Amino acid sequence: MEKFKYMEEYGFEQLCFFQDKGTGLKAITCIHNTVLGPSLGGTRFWNYKTEDEAVEDVLRLARGMTYKSALAGLPLGGGKSVIIGDASVLKKDPIRREAFWRAFGRYIEGLSGRYITAEDVGTSTQDMVYVNMETNHVVGLPGRSGDPSPFTALGTYKSMLACAKHVFGEADLKGKTVAVQGVGNVGYYLCELLHKDGANIIISDVSEERIQKCVKEFGVKVVGVNDIYSVDCDIYAPCALGATINDDTIPVLKCKIVCGGANNQLRDAHVHGNALKNRGIVYAPDFLTNAGGVINVSYELAEGGYNKEASLRDIDRIYRRMRDILRISEETGELTFQTADKMAEERIEAVRNIKSILTRR
């Protein structure tokens with residue numbers, strides 16, 4: 001990847017690398033856009049095969065956060081951090097764990113508020129407590145907004161209701177079959193909501209422990225990790241890592257809707273967005289679908305402090321935004337993510353123009 005060329009093409013502002021030899025920390029932070037406000041996005045801890053793979057991931061994730069916050073109406077830009085390594089090893093060493101995350105916190109503090117972090121895949125609220133010992137530029141802390149996963153799941157559920165209304169005529173998932181790929185934090189809470197609604201749930205996951213928890217609590221059906229794509233269902237819900245909508249999976253999908261909590265679900269947005277449309281499958285843009293988590297943690301930054309009731313009201317609006325996107329996309333013939341992109345970009349440009357006018361005065 002030609003990094004500067006890619007960053008220029010997609011409007012990235014900053015890409016930072018940080019290492020701490022004493023703790024083994026290797027982190028990359030990407031700040032995509034700060035027009036609407038400081039960039040906010042979680043820290044992903046993953047055992048990337050190569051440094052280039054980590055860079056590609058952080059760039060895609062940071063850009064997605066810009067669109068997510070813009071479309072959600074938040075006064076925030078988009079950013080993301082990734083850490084290269086095995087999170088499970090670190091969690092077995094409490095002394096090194098604190099030192100590791102405090103080193104990361106000092107790194108975040110050095111970005112002077114241009115980037116605000118939170119938990120993500122492979123990290124926890126306790127990790128963020130250690131980060132908070134070195135910087136205030138962190139959200140999703142215990143005693144404040146806490147774990148964002150239930151709120152991400154709630155936003156995903158609201159999006160599913162909007163898609164069901166658009167495709168089936170009713171905002172009701174009772175009796176519908178939903179295939180949930182990945183039942184980690186977000187997928188688990190989504191299954192809980194679907195179970196309460198009376199949906200039929202099919203799941204897959206790499207963790208037998210997580211599978212058995214969902215079987216016991218929600219009576220789900222279980223299939224293999226490679227079989228989840230081809231099950232007969234109404235909705236396929238990717239809730240693990242990204243790019244599961246690709247050349248291999250699209251031909252075998254047997255659903256009417258793709259709507260899940262994962263980021264960057266389309267391996268190639270245009271190619272695979274078109275492929276879904278050609279098969280008559282409605283795609284719910286992921287950066288709106290999974291915005292509940294960032295909406296919730298953003299209220300830690302609001303004047304007066306965290307307000308759960310206000311956050312839940314904001315997450316409820318995901319339903320109406322999704323309905324609007326699906327309607328406009330159908331009327332214009334655009335892909336759904338293109339409609340969502342335009343809405344986000346129009347808000348960013350409007351604020352950029354206002355700032356430009358104020359600067360010239």
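Student: How many disulfides does the structure hold?

Tutor: A disulfide is a covalent bond between the sulfur atoms of two cysteines. The criterion applied here is a pair of cysteine sulfur atoms within 2.5 Å, and the structure holds 0 disulfides. Cys191 is in none, its nearest cysteine sulfur being that of Cys214 at 4.6 Å. The sulfur of Cys259 lies 4.5 Å from the closest cysteine sulfur, in Cys163, which is too far for a bond. Please note that this is a predicted model, in which local features need pLDDT of at least 70 and side-chain atom pairs count only at pLDDT 80 or more, while totals for chains, interfaces and linings use all residues. Residues are numbered from 1 along each chain as its sequence is written, and side-chain values use heavy atoms, with hydrogens and water left out.

Student: Are Cys191 and Cys259 buried or exposed?

Tutor: Buried means under 20% relative accessible area, exposed over 50%, and partly exposed in between, with a 1.4 Å probe and protein chains only. Cys191 is buried, with a relative accessible area of 0%. Cys259 is likewise buried, at 0%.

Student: Which residues touch the most other members of the largest nonpolar core?

Tutor: In soluble globular proteins, nonpolar side chains tend to be buried together. A nonpolar core is a set of buried Ala, Val, Leu, Ile, Met, Phe, Trp, Tyr and Cys residues joined through side-chain atoms within 4.5 Å. The largest one has 62 residues, and those touching the most other members are Met160, Val180, Leu190, Leu194 and Ile203. Helix H6 (residues 149-168) gives the most to this core, with 9 residues. Helices (H or I, at least four residues) and strands (E, at least two) are DSSP runs, numbered from the N terminus. Apart from this core lies another, of 21 residues, among them Ile31, Ala103, Ile108 and Met128.

Student: Which residues is Ile203 in contact with, leaving aside its neighbours within four places in sequence?

Tutor: Contact means heavy atoms within 4.5 Å. On that basis the partners of Ile203 include Val180, Cys191, Ile211, Cys214 and Ile228.

Student: What volume does the largest cavity have, and which residues line the cavity?

Tutor: Rolling a probe the size of a water molecule over the atoms shows where empty space is left. On a 1 Å grid over the protein atoms alone, a cavity is a set of points where a 1.4 Å probe fits but cannot get out; a pocket is an open set with protein on both sides within 12 Å along at least five of seven lines; lining residues have an atom within 4 Å of a point. Grid points are joined across faces, edges and corners, and a volume is the space filled by probe spheres set on the points. A search of the whole structure finds 1 cavity of 30 Å³ or more. The largest cavity has a volume of about 40 Å³, and its lining consists of Arg60, Leu61, Gly64, Met65, Lys68, Asn263, Asn264, Asp286 and Phe287. H2 gives the most to this lining, with 5 residues.

Student: Where is Lys68 found, and which residues does Lys68 touch?

Tutor: Lys68 is found in helix H2 and counts as buried at 5% relative accessibility. Not counting residues up to four places away in sequence, Lys68 touches Asn263, Phe287, Asn290, Ala291 and Val294.

Student: What space lies in the second largest pocket, and which residues are closest to its centre?

Tutor: About 720 Å³ of space lies in the second largest pocket. Of the 24 residues that line this pocket, Tyr10, Arg60, Arg63, Ala269 and Phe337 are the closest to its centre. Helices H2 (51-71), H9 (269-278), H10 (286-289) and H13 (336-360) are the elements that give two or more residues to the lining.

Student: What phi values do Ser112 and Asn264 have?

Tutor: Most residues other than glycine have a negative phi, and most peptide bonds are trans. Ser112, although not a glycine, has a positive phi of about 55°. Ser112 is placed in the loop between H4 and strand E6 (115-116), and counts as exposed at 62% relative accessibility. Asn264 also has a positive phi, near 50°. Asn264 is in the loop between strand E11 (257-258) and H9, and counts as buried at 17% relative accessibility.
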